[in-house]
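Biologist: I'm new to reading models like this one. Could you walk me through it, feature by feature?

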Amino acid sequence: MSKAEWADKDYYADLGVSSSATHDEIRKAYRTLARDNHPDKNPGDAAAEERFKKAAEAYDVIGDDKKRAEYDELKAMIAQGGFGRFGGAAAGGFRGQDGFNISDLSDLFGGSGPGGGFSAEGGLGDIFGGMWGGGGGSSRRQARPRRGSDVETDVILDFREAVLGTQLSLQIKGNAPCKTCHGSGSTSGNPTTCGTCHGSGFVNENRGAFGFSAPCSDCNGSGRVVTDPCADCRGTGVQNRDRTINVKIPPGMNDGQKVRLAGRGEAGPNGAPSGDVLVTVHVRPDKLFERKNDNLLLTVPVSFEELALGTTLSVPTLNGRVKVKVPAGTNDGRVLRVKGKGVPRRKGAAGDLLVKLAVQVPSSLDDAAKQALQAYADAVAAQGVDPRDGWAGA
């Protein structure tokens, strides 16, 4: 999803939250939607799968503070009637009667600088750069070479891999820098300055009442031309081939979250910057553990006598076992907390392990066990103990 497509999206509606929702509210809404609409839980349900994808896309944007700020500012501009209120004349760009100038927007939102035009590296210039490829035509401006395409892929991880973090290798097919010319497209490795635009990447055109700065067609906006094209890539600087990249999955990943590998996507032409790789993580459920935010819930089967008399349990964690003391007289369903044995956090201590006790009733008893249990029941009744005393008006 490019930033140019944000204008048509309502990510808050996709998650069912207001535009003033806190980060925690957004995260909670996403987790609920992802859990309820996960493909593993709804096999063959195309509508659920679509809701799952929309929730993941929305969370990738408004779940990230920086992206959310850019998204909110873009939507606010659209709500206020577009961008015509920004006036001022400047060299290059598009100029109309209301003084609107696309080049000015590039300056306003951080798109200008050594690359000029609309930056692919930050600010809202990134959004507008996807809509219009133009930039200023003054001597201080220079076109930024078109970056390579982003690559999106999915991985499925075991629950423990997602919680503890892991490393894996991915096979990616697409444009990569030519091994012969190292991505320059030139046999000598030295493309020359374009004589048409003198290295700026733009040419100026006047059409009636309007002035345009258009990408130079001779160098495709790069400002450089290859006069001695590489034989292996035919001067493009890229080759389509398979390659392997290593991906580090950080601890604490949730189902549907993404990992961005900057500059590891498809190579740009003639040495232009590479795109990114976006890895969407899907998590298989675990047989023992259930995730509750940064805590792990573990349901442990126990006997009645263990709860009545008290005991010490040995329970599993994600990295070994720990002992948990159960006090005498503990009720069925009680949750005991083990500090620091939950989900690792990127900052601060890990979450906790929540041990829920669940009584298991034997399906059958032999005669000796029945007699012993009946003797216990008689002794408790003789003490006047009634488990339903005060319950439902009894």
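Biologist: Let me start with charges. How many salt bridges does a search of the whole structure find?

Modeller: The search finds 19 salt bridges. A salt bridge here is a side-chain nitrogen of Lys or Arg within 4 Å of a carboxyl oxygen of Asp or Glu. Before we go on, please keep in mind that this is a predicted model: local features need pLDDT of at least 70, side-chain atom pairs count only at pLDDT 80 or more, and totals for chains, interfaces and linings use all residues. Residues are numbered from 1 along each chain as its sequence is written, and side-chain values use heavy atoms, with hydrogens and water left out.

Biologist: Thanks. What is the overall make-up of the protein chain, in helices and strands?

Modeller: Helices (H or I, at least four residues) and strands (E, at least two) are DSSP runs, numbered from the N terminus. The protein chain has nine helices and 15 strands.

Biologist: And what share of the residues counts as buried?

Modeller: Buried means under 20% relative accessible area, exposed means over 50%, and partly exposed is in between (1.4 Å probe, protein chains only). Of the 394 residues of the protein chain, 38% are buried by that rule. Accessible areas come from the Shrake-Rupley method with a 1.4 Å probe, and for residues only the protein chains shown count as cover. The protein chain exposes about 22,000 Å², with carbon and sulfur atoms supplying 49% of that area.

Biologist: What do the contacts say about sequence separation?

Modeller: A contact means heavy atoms within 4.5 Å. Take the contacts between residues at least 6 apart in sequence: 62% of them join residues at least 24 apart.

Biologist: Back to the charges, then. Which residue does Asp-286 pair with in a salt bridge?

Modeller: Its partner is Arg-160, and the closest N and O atoms are 3.5 Å apart. This pair links distant parts of the chain, 126 residues apart: Asp-286 sits in the loop between strand E9 (277-283) and E10, while Arg-160 belongs to helix H7. Asp-286 counts as partly exposed at 22% relative accessibility, and Arg-160 is also partly exposed, at 31%.

Biologist: Which residue meets Glu-290 in a salt bridge?

Modeller: That is Lys-292, with an N to O distance of 3.1 Å. Glu-290 is partly exposed at 40% relative accessibility, and Lys-292 is partly exposed with a relative accessible area of 37%. Lys-292 is placed in strand E10. For a view along the chain, the C-alpha atoms of Lys-292 and Leu-354 are 9.2 Å apart, although 62 residues separate them in sequence.

Biologist: Which residues are linked in a network of salt bridges?

Modeller: Look for Arg-147, Asp-150, Arg-260 and Asp-276. Another pair to find is Asp-36 with Lys-41, whose closest N and O atoms are 3.8 Å apart. There, Asp-36 is partly exposed at 36% relative accessibility, whereas Lys-41 counts as exposed at 52%.

Biologist: How should I read a pocket?

Modeller: Rolling a probe the size of a water molecule over the atoms shows where empty space is left. On a 1 Å grid over the protein atoms alone, a pocket is an open set of points where a 1.4 Å probe fits, with protein on both sides within 12 Å along at least five of seven lines; lining residues have an atom within 4 Å of a point. Grid points are joined across faces, edges and corners, and a volume is the space filled by probe spheres set on the points. The second largest pocket holds about 860 Å³ of space.

Biologist: Which residues lie nearest the centre of the second largest pocket?

Modeller: They are Arg-31, Arg-35, Asp-255, Glu-290 and Arg-291, out of 25 residues in the lining. Helix H2 (23-36), helix H7 (159-164) and strand E10 (289-292) are the elements that give two or more residues to that lining. The largest share, eight residues, comes from H2.

Biologist: Where is Asn-293, and what is its phi?

Modeller: Asn-293 lies in the loop between E10 and strand E11 (295-302). Its phi is near 55 degrees, a positive value in a residue other than glycine. Asn-293 is exposed, with a relative accessible area of 51%.
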